[in-house]
Amino acid sequence: MSTKRFDDFIDFVLEWEGGYDNDPDDPGGETKYGIDKRSHPKENIKSLTLARAKEIYFDEYWRAGGVEKMPAKLGEVIFNCRVNCGPGRVTKILAVTQDASEFIEEQEAFYRRLAAARPKSQKYLKGWLNRTRALRKRLGL
């Protein structure tokens with residue numbers, strides 16, 4: 001079960017999350033469609049289907065985050081951040097701002113701090129920033 005709003009946006013997330021990967025520098029470990037083994041230890045990541053990944057995104061990231069009840073644009077920004085950074089980071093950024101554009105700025109600042117503090121993550125910084133730029137473009141921010 002999903003909603004039209006979720007269905008209209010999930011392809012953006014999946015475009016950035018990609019297929020199967022098992023990068024030793026990724027703290028999430030084995031990953032497929034952005035669903036990581038560390039956060040989903042009971043899932044068979046290698047055999048994960050796209051349909052199952054969408055179910056997980058809807059249940060654990062969209063619905064659990066209350067995204068459907070949020071204003072358009074802000075909800076999509078928050079969903080994207082829940083997927084890429086986790087719900088804890090969303091809570092910290094929401095304590096600073098509830099403006100979609102400013103939220104993305106705070107998320108980008110987090111990525112820069114993370115890359116500086118964790119050298120193995122520096123290789124992801126360009127992709128993270130490209131993703132937030134694409135999100136701004138998609139949402140007209």
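Trainee: What makes Asp-21 and Asn-22 contacts of Gly-29?

Mentor: Contact means heavy atoms within 4.5 Å. Leaving aside neighbours within four places in sequence, Gly-29 meets that cut-off with Asp-21 and Asn-22. This is a predicted model, where local features need pLDDT of at least 70, side-chain atom pairs count only at pLDDT 80 or more, and totals for chains, interfaces and linings use all residues. Residues are numbered from 1 along each chain as its sequence is written, and side-chain values use heavy atoms, leaving out hydrogens and water.

Trainee: Where does Gly-29 sit?

Mentor: Gly-29 is in the loop between helix 1 and strand 1 (31-32). Its C-alpha atom is separated by 9.3 Å from that of Ser-39, ten residues apart along the chain.

Trainee: How many helices and strands does the chain have?

Mentor: Six helices and two strands, in the order α-β-β-α-α-α-α-α from the N terminus. Both are DSSP runs numbered from the N terminus: H or I over at least four residues for helices, E over at least two for strands.

Trainee: Why are helix 3 and helix 4 called oblique?

Mentor: Their axes, lines fitted to C-alpha atoms over the stretch in contact, cross at roughly 135 degrees, on a scale from 0 to 180 degrees between N-to-C directions. Under 35 is roughly parallel, over 145 roughly antiparallel, 65 to 115 roughly perpendicular, and the rest oblique. Helix 3 and helix 4 are therefore oblique. Among the residues that meet are Ile-78 and Cys-81 in helix 3, and Val-90 and Ile-93 in helix 4.

Trainee: What makes something a pocket?

Mentor: On a 1 Å grid over the protein atoms alone, a pocket is an open set of points where a 1.4 Å probe fits, with protein on both sides within 12 Å along at least five of seven lines. Lining residues have an atom within 4 Å of a point. By that test, 31 residues line the largest pocket, with Glu-17, Asp-26, Val-83, Asn-84 and Trp-128 nearest its centre.

Trainee: Which helix gives the most to that lining?

Mentor: Helix 3, with four residues. Helix 1 (4-17), helix 5 (100-117) and helix 6 (125-139) are also among those that each supply at least two.
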